[in-house]
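Have the structure open as you read.

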Amino acid sequence: MKLTVVGCAGSYAGPESAASCYLVQASDESGRVWNLILDLGSGSFGSLQRHIEPSELDAVAISHMHADHIADITGLEVYRKYHPERAERIGAGPADRAEALTVLGPSGIARRVARLSASEDESSATPAGALTGEPCTFRFVEWETATTYRIGPFTIEAFDAHHPIEAYSIRISGPSDSGAAEPVVLAFSGDTDDCAGVRAAASGADLFLCEAAFVSGRDDAIDGVHLTGQRAGRIATDAGVRQLALTHIPAWNAPGIARDEARVEYAGPLSVVRPGDTFVL
């Protein structure tokens, strides 16, 4: 399983990075490569095209509905509807595609995407879930905790996160690049403060991709929004993760603070991600 950092800026697209977006890839037993993206935040669809042809995506997993994690789904929607060679429009010629793209996300995601794209107003938006009727760009599936989702070689689970809106930490199991029999695990915190959900998602993970948007001492009075580097490191240690990668750091934070804070609590392999970084599990 391979992770590529497409965008990692926290809270908004920064001068050096798009907002949250991560490409996860793995091959199945036949050798077919499956492509999953975690989040599609502001500015990320342009960056995504440096790494993959968007029509090759197999699924999108959205951690929560803040713009820095979902806004650029509108670009993907336009691409899939109107690209002259790769659109999935039924009856539009040789590029026809019979299946909508699976989008996993919080409750109400279908309505939210419809409003973002201005394709429907709130009163007429199609409810989330498997969509029926006319061919559509996306097939929306709402997260349910304690439920396992299968996308090709990936097994995906969602855990309740601690954030001002409905949000999830995501755990993905998939085949090891080394050919080991046991699957490897990527845990993604999403946006969250310390809670049971993010700890369960991270438990024993081979790679813990964890947000560290807040700074100890500066943001201590704000509860239930983000982690500091120190809290991220503490979770990683308690959860027994093999590698910690910090992300979602706003451009207003001084470089190195999140890493230095995390190192106080976590002794294992540690990095602060940048666009284009890859991790092979």
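Ser11 sits in the loop between strand E1 (2-7) and strand E2 (21-27); helices (H or I, at least four residues) and strands (E, at least two) are DSSP runs, numbered from the N terminus. Keep in mind that this is a predicted model, where local features need pLDDT of at least 70, side-chain atom pairs count only at pLDDT 80 or more, and totals for chains, interfaces and linings use all residues. Residues are numbered from 1 along each chain as its sequence is written, and side-chain values use heavy atoms, with hydrogens and water left out.

- Most residues other than glycine have a negative phi.
- Ser11 isn't a glycine, yet its phi is positive, about 75 degrees.
- Ser11 counts as partly exposed because its relative accessibility is 32% (buried means under 20% relative accessible area, exposed over 50%, partly exposed in between, with a 1.4 Å probe and protein chains only).
- Ala146, in the loop between strand E6 (138-142) and strand E7 (149-151), also isn't a glycine but has a positive phi of about 65 degrees.
- Ala146 has 84% relative accessibility, so it counts as exposed.

- Glu77 belongs to helix H3 (residues 73-82), and it counts as buried because its relative accessibility is 8%.
- Beyond its neighbours within four places in sequence, Glu77 is in contact (heavy atoms within 4.5 Å) with Ser117, Thr137 and Phe138.

**The buried face of helix H7**
- In helix H7 (residues 257-265), the buried residues are Ala258, Glu261 and Ala262.
- Looking down the axis of H7, these buried residues fall within an arc of 100 degrees, so they line one face of the helix; the arc is that of the directions from the helix axis to the C-beta atoms.
- Helix H6 (229-239), strand E12 (244-247) and strand E13 (270-272) are among what covers the buried residues of H7.
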